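Please review the fold summary for this protein chain.

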Amino acid sequence: MTGSPEPTSPEPISPEARQALDQELAQLRVERDAVAATLKGAGSDTAGDLADQADELQRVTEVARLESRIAGITARLSEAATAVAAPSDVVGVGSSVTLRFADGTQETVQIGELANESEETLATYDSPLGHALLGHRTGDSVTYDTPAGPTTAVVLGIGAP
């Protein structure tokens, strides 16, 4: 089997990823509130100069960006709250997957929610390899893109999430 099936149900989230998203959400809310507090009220009738207006527009844009990220994190956390853990015979977020790559090397990677620079064997679920592995079983061959071009890997084993 090649390619990557699309997940049909919400992906579970690891406790570490949930904690990281909760922390980011709290920081974003504080930042949004601080920027929003600097905005002039809608009833303000002072025209100000062009620099003031440009600064105000930049802050409005920043609040909108923060709101968008807050909404995305909130949706992901809500989705994860309803997700059920992936079966241990299918690759999902949190799975530990042993692979044999095209060059014959073998490696075990963890499929995670968030990238962690200190974890060299972590593949995020939305990376080319992580995305290709989702939904696959032991014995399946997957194809994914690398900077050197497409390559394949065979799933040798799956550990429970």
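The model is predicted. The protein contains 3 helices and 5 strands. Buried residues account for 31% of its 161 residues.

**Overall fold**
- Starting at the N terminus, the order of elements is α-α-β-β-β-α-β-β.
- Take the contacts between residues at least 6 apart in sequence: 57% of them link residues at least 24 apart.

**Surface**
- The protein has an accessible surface of about 9,600 Å².
- Carbon and sulfur atoms supply 54% of that surface.

**Strands 4 and 5**
- Strand 4 covers residues 141–146, and strand 5 covers residues 149–159.
- The two strands run antiparallel and are joined by 6 bridges.

**Ser127 and its loop**
- Where does Ser127 lie? Ser127 is in the loop between strand 3 (122–124) and helix 3 (128–133).
- Is Ser127 buried or exposed? Its relative accessibility is 17%, and the cut-off for buried is under 20%, so Ser127 counts as buried.
- A polar atom of the Ser127 side chain lies 3.1 Å from the backbone nitrogen of Gly130.

Technical notes
Residues numbered from 1 in each chain as written. Predicted model: local features only at pLDDT ≥ 70, side-chain atom pairs only at ≥ 80, totals over all residues. Heavy atoms only, no water. Helix = DSSP H or I, 4+ residues; strand = E, 2+ residues; numbered from the N terminus. Buried < 20%, exposed > 50% of the residue type's maximum accessible area, 1.4 Å probe, protein only. Contact = heavy atoms within 4.5 Å. Areas by Shrake-Rupley, 256 points an atom, 1.4 Å probe, with all protein chains shown as cover. Pairing = 2+ DSSP bridges. Polar contact = N/O pair within 3.5 Å; in protein donor to acceptor, adjacent residues only side chain to side chain.
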